[in-house]
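Please look through the sequence and the model below, and then follow the paragraphs that come after them.

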Amino acid sequence: MKITIIDYGAGNLFSVANACRRLGHQPVLSSDEHTIKNSDRVIFPGVGNAVTAMRNIRSRGLHNVIPKLTQPVLGICLGMQLLFEKSDEGETSCLAILDGSVSSFSKDPAANVKIPHMGWNIIDNTESPLLAAIPAPAYMYFVHSYYVPHNSYTIANSYYNGRFSAAVQKDNFYGCQFHPEKSGPAGIQILKNFLEL
Amino acid sequence: MIEIIPAIDIINGKCVRLTRGDYNSVKEYNSDPLLVAKEFEAAGFTRLHVVDLDAAKQGKLVNIDTLRSICDETNLVVDYGGGVKNDDDIATVLEAGAQMVTGGSIAVRDPAIFLGWLERFGPDRIILGADVKDGHIAVSGWQENSHSELFGFLEFYADKGIKKIICTDIERDGTLEGPAVELYKKIMERFPSLQLIASGGLSSVSDLHRLYEAGITSVISGKAFYENKIPLKPYPLNTLAKRIIPCLDVKDGRVVKGVNFVGLRDAGDPVELAQRYSDEGADELVFLDITATHEKRKTMAELVRKVAEAVNIPFTVGGGIGSLEDVNAMLANGADKVSVNSAAVRNPEIINEMAEKFGSQCIVLAIDARREDKDGPQDEGWKVYLNGGRQRTDIDLFEWAREGVERGAGEILFTSMDHDGTRNGFANETLAKISNMVDVPVIASGGAGTVQHFADTFRDGKADAALAAGIFHYGDISINQVKQYLQNANIIIRTHPTPGGGKKK
């Protein structure tokens with residue numbers, strides 16, 4: 001199976017690649033259109049800032065590539081957020097594959113939570129094939145300051161200053177706000193599910 | 001999904017709660033149940049549990065007009081219980097707009113009628129009410145106990161196709177003393193296909209969490225809402241777990257300080273230890289390079305890579321991190337965060353640069369401090385120390401924490417040198433002051449000696465995570481013991497259902 005991890009300069013890809021290797025695959029790290037299009041699975045990771053990330057994506061022409069992909073695509077953390085229309089982080093336009101926008105935890109003046117949302121939190125649903133075979137209770141590792149509100153693409157929620165999307169899906173595009181590659185055996189199971197979709 | 005279903009109990013047309021079903025303990029919350037229902041709807045709820053307590057006691061429908069007005073004037077999906085005892089009654093209740101009907105007493109006294117409803121209306125609309133006292137089903141508004149034993153009762157109806165049950169532990173209902181999680185676990189184990197709606201005793205968000213962990217997907221909340229014990233939302237607001245973090249001191253690529261684990265081949269091997277702690281349920285790991293010289297950076301980077309290959313939980317690397325190249329070397333090899341300490345004090349601007357380049361979420365500001373005025377208040381007179389506590393500065397702990405966060409640190413790791421190694425507990429007053437002051441997570445360090453100390457630092461110290469070294473390394477307390485204790489103390493922690501967790505002897 002050909003797996004490409006999109007490398008657009010968005011920080012640390014080591015753990016994602018390592019998790020794939022642990023599952024017996026040799027992922028390719030690339031920003032090359034041909035390589036990405038011709039893989040069986042595409043992983044779209046991301047840490048850091050939405051503005052910088054979108055700038056890097058555009059400068060590599062990937063904003064025209066990613067939305068047209070037809071194989072299963074998994075956005076992780078910022079990678080999931082960038083699948084939506086826009087982000088409150090720097091008022092950035094994103095890839096608009098999924099309708100909706102990304103909000104900030106700090107925008108709500110009544111928010112009495114630490115930012116970033118950092119640590120292990122539950123996901124409340126494991127019915128999606130992406131989230132199958134995870135022993136309950138399912139805890140995942142999250143690190144983020146912006147979030148996607150619960151919406152029609154949500155396949156699992158988590159709760160921090162209210163309910164938000166822990167995982168989403170539209171057609172072949174999947175996203176998880178948490179880091180499966182850092183979420184212990186349950187996280188590895190999710191990557192395995194993705195590769196077996 | 002933990003769905004919270006709000007409850008309206010009605011006596012004499014008014015919205016009330018009882019304690020343990022005692023009609024002498026009536027507490028009126030609102031004279032207009034319809035207003036209360038509308039409030040629930042406005043808060044985002046879609047379900048409502050209505051109990052006519054008059055009807056339950058008298059065995060005939062009493063407050064049917066109230067039910068009708070709620071169903072007419074809201075879009076809530078209502079389940080109704082109380083006094084439904086024949087075909088006319090259920091027709092009246094459904095006609096009034098209830099989507100589901102709960103039968104309790106009737107299911108005990110006249111199974112034929114109840115099974116007839118199950119057949120006519122289907123298992124999505126007929127709920128079995130199993131209200132339990134001393135292991136038996138209570139009837140007539142809980143004024144009497146029946147001879148029906150709970151599990152036999154459930155088995156009988158599960159065989160007949162019932163899907164939904166509302167199980168109330170009467171001894172807990174209205175007490176705010178916590179739900180009957182153990183009872184529910186037993187029911188779920190024996191009848192895994194039943195949809196169990198828990199009811200009674202709910203008092204806090206951590207109760208919701210315990211129910212979720214027991215596999216419960218719906219819970220009824222009455223008093224907990226009326227007395228503002230949990231936020232008025234159809235789901236919990238915050239389920240983030242507190243973190244337990246073992247810290248490993250590393251020298252020349254080896255873990256120093258004897259680590260006393262049974263069955264370890266090599267107590268100095270960071271990879272084996274990381275794996276071991278990860279299996280035990282550690283939420284994160286911290287590696288502290290105590291040699292921390294520039295020349296040793298390469299050794300550390302290799303170690304980081306090996307650890308990252310072996311475990312997939314987050315880990316932080318600290319000790320001698322002073323430049324962007326240092327950070328890059330750690331992150332590129334698989335570390336999730338770096339902690340920066342002395343170098344940031346000497347050159348605070350480096351925090352900005354690191355946060356700018358790598359993101360705040362991977363920059364932990366580690367602060368070692370000691371309180372100088374021992375006679376003064378606990379939360380004053382703290383000075384920052386450098387170089388592993390060897391060099392004093394004039395910098396105030398709280399000012400430095402604030403500045404560090406303003407400059408971009410995404411987390412504070414505070415070690416009280418006064419508490420470190422004492423095993424007398426964490427510096428909770430000081431931690432609470434830091435935690436209230438900054439809006440990033442705070443890790444408590446220094447002083448862990450007992451399981452109770454962890455609970456104290458999460459409650460009193462308002463810490464988001466707690467770090468310890470000695471007590472874990474020497475095997476005095478296992479991470480699992482800490483987590484068990486915290487769970488019993490109603491503190492949200494990540495339980496650890498992985499198969500790898502059971503290796504310890």
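A residue is called buried when its relative accessible area is under 20%, exposed when that value is over 50%, and partly exposed in between, with a 1.4 Å probe and protein chains only. This is a predicted model, in which local features need pLDDT of at least 70 and side-chain atom pairs count only at pLDDT 80 or more, while totals for chains, interfaces and linings use all residues. Residues are numbered from 1 along each chain as its sequence is written, chains are lettered from A, and side-chain values use heavy atoms, without hydrogens and water.

Helices are DSSP runs (H or I) of at least four residues and strands are runs (E) of at least two, numbered from the N terminus. In chain B, helix H11 (residues 270-280) is mostly covered, with 9 of its 11 residues buried; among them are B:Leu273, B:Ala274 and B:Tyr277. The buried residues of H11(B) pack, through contacts of heavy atoms within 4.5 Å, against several elements of chain B, including strand E13 (243-251), helix H12 (297-310) and helix H20 (479-488). Just after H11(B) comes B:Gly281, whose phi is positive, at about 110°.

Helix H20(B) also packs with helix H18 (residues 451-459) of chain B, at an angle of about 55° and with the axes 9 Å apart. The two helices H18(B) and H20(B) are therefore oblique to each other, a word for angles that are not under 35 degrees (roughly parallel), over 145 (roughly antiparallel) or 65 to 115 (roughly perpendicular). Their contact involves B:Phe454 and B:Phe458, among others, from H18(B), and residues including B:Tyr485 and B:Leu486 from H20(B).

Definitions and conventions
Axes are lines fitted to C-alpha atoms, for helices over the stretch in contact, and angles run from 0 to 180 degrees between N-to-C directions.
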